[in-house]
Amino acid sequence: MSEQERMTDISPQACDLLIEAGWVVPVEPHGVVLEDHAVAVSGGRIVAVLPTAEARARFAAAEVVQRPDAALIPGLVNAHTHNPMTLLRGVADDLPLMTWLQQHIWPVEAAVIGPDFVADGMALAIAEMLRGGTTCANENYFFPDVQAAVYRKHGFRALVGLPVINFPTAWARSDDEYFDKAGEVHDQWRDDPLIATAFAPHAPYTVSDANFERVRMLSDQLDTQVHLHTHETAQEIADSLKEYGQRPLARLDRLGLVNDRLIAVHMTQLTEAEIHLCAERGVHVAHCPESNLKLASGFCPACALQRAGVNLAIGTDGCASNNDLDMFGELRTAALLAKAVANDATALDAATTLRAATLGGARALGFGERIGSIEPGKEADLVCVDLSALEAQPLHHLLSQLVYAVGRQQVSDVWIAGRRKLDARELVDIDTAALIANARQWRQRIAALGR
């Protein structure tokens with residue numbers, strides 16, 4: 001008796017959702033593409049991945065979604081972003097990092113930042129990310145309490161950073177206040193199914209040894225990730241050597257932070273020894289190629305890191321320095337740039353790049369057992385990519401197409417924990433017109449600052 005015949009002798013199993021796709025890309029196992037497969041979802045989790053014909057025989061689904069011309073992939077994980085800064089898209093372009101930050105971004109933020117700015121920027125960013133196939137973000141900004149609430153309202157998965165920086169801001173006025181508020185936000189969200197928290201000390205040049213030591217102690221106690229910009233520019237390295245007599249990574253190592261909880265963002269200035277240190281300690285690197293290119297910050301040696309065994313993730317950074325939250329664009333840039341930096345056309349191939357943007361990001365955020373691949377038992381963060389348009393023809397190699405040819409406008413459907421968030425390109429329970437109108441009033445308000 002065949003497997004299909006055996007299935008017909010058994011009563012169909014109820015499930016909430018059955019997605020039938022032309023191709024399923026599970027990510028794990030690596031590089032595998034499953035043709036004419038389906039994914040069954042129940043209670044927000046994946047219960048089976050199997051050929052479509054078998055799925056129809058085995059499951060009685062409350063909802064069946066048929067996408068014969070689409071690839072079903074895990075939701076993309078944006079491993080580093082500042083989503084409230086979506087409202088600063090294009091405010092100060094074509095400037096070097098420190099000029100951009102100190103003379104433009106920080107002064108504008110000082111004038112407008114507050115709970116409303118954060119909430120409105122977050123809502124705009126969530127809509128943009130969903131339309132681009134991103135289902136999870138590693139957030140790094142002020143007012144994490146507001147961020148978490150807005151993410152939760154929209155059913156979006158996130159690791160929310162608890163900011164630490166050496167000067168007063170609208171969020172906190174002193175070192176103790178930063179840490180007191182961090183503890184409050186962590187406690188509030190510690191058991192949430194979609195939201196988790198991490199410590200987010202801004203950068204080695206804005207955080208003291210004493211505060212880094214407090215971060216390390218609390219990270220150990222609470223078992224939380226540490227999300228940190230570091231080794232971003234050559235100037236950062238030079239300044240660290242002058243002030244501390246050490247490169248930033250060596251200083252962080254002295255303070256006990258170079259470990260498997262560290263999400264090191266940018267990492268454009270690395271020696272071979274530093275790459276191997278990161279591999280040995282289990283450091284996660286969040287690669288933000290387009291932001292680094294735009295600010296001329298340098299080139300992350302993504303291929304060398306990956307080949308050394310470092311877990312590589314991909315992020316967009318914020319819209320003030322990228323200017324979009326397009327993870328498909330970031331995938332393509334990451335793969336192409338890696339080849340140029342390594343002078344090796346085989347560097348960061350399509351399967352490895354897609355893995356970095358899914359399972360690599362999930363593992364960096366501490367979510368690797370829950371999302372990042374299409375496997376039974378994992379939560380159903382899923383994305384359909386329509387490959388029927390002429391721009392996607394002919395389709396010789398699916399993984400190559402996803403990384404080198406697909407645009408975010410080809411994302412048709414999105415689910416987070418089995419809940420639909422995008423339906424045939426239409427956002428679910430989000431008022432797009434209201435978001436646009438609100439963004440325009442923020443543009444007017446920021447423009448009135450005269451910067």
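In the predicted model, the centres of domain 1 and domain 2, taken over C-alpha atoms, are separated by 29 Å. Domain 1 is made up of residues 13-74 together with 379-417, whereas domain 2 spans residues 76-365. Contact between the two involves 23 residues of domain 1 and 31 residues of domain 2.

The size of an interface is often given as the accessible area lost when the parts come together. For this pair of domains, the buried area amounts to about 2,100 Å², and carbon and sulfur atoms account for 65% of that area. Within domain 1, the residues that lose the most area to domain 2 are Val 403, Tyr 404 and Arg 408. Together, these three residues contribute 34% of what the domain 1 side buries.

Asp 381 forms a salt bridge with Arg 157, in which the closest N and O atoms lie 2.7 Å apart.

On the side of domain 1 that touches domain 2, two or more residues are given by each of the strands β4 (59-74), β13 (382-386) and β14 (411-416) and by the helix α15 (398-404). The greatest contribution to this side comes from α15, which gives 5 residues. By residue class, the side of domain 1 that touches domain 2 consists of 16 nonpolar, 3 polar and 4 charged residues.

Technical notes
Residues are numbered from 1 along each chain as its sequence is written. This is a predicted model: local features need pLDDT of at least 70, side-chain atom pairs count only at pLDDT 80 or more; totals for chains, interfaces and linings use all residues. Side-chain values use heavy atoms; hydrogens and water are left out. Domain bounds come from an automatic or database domain assignment. Contact means heavy atoms within 4.5 Å. Buried area is the accessible area (1.4 Å probe) that two parts lose on being put together, summed over both. A salt bridge is a side-chain nitrogen of Lys or Arg within 4 Å of a carboxyl oxygen of Asp or Glu. Helices (H or I, at least four residues) and strands (E, at least two) are DSSP runs, numbered from the N terminus. Ala, Val, Leu, Ile, Met, Phe, Trp, Tyr, Cys and Pro count as nonpolar, Asp, Glu, Lys and Arg as charged, and the others, Gly among them, as polar.
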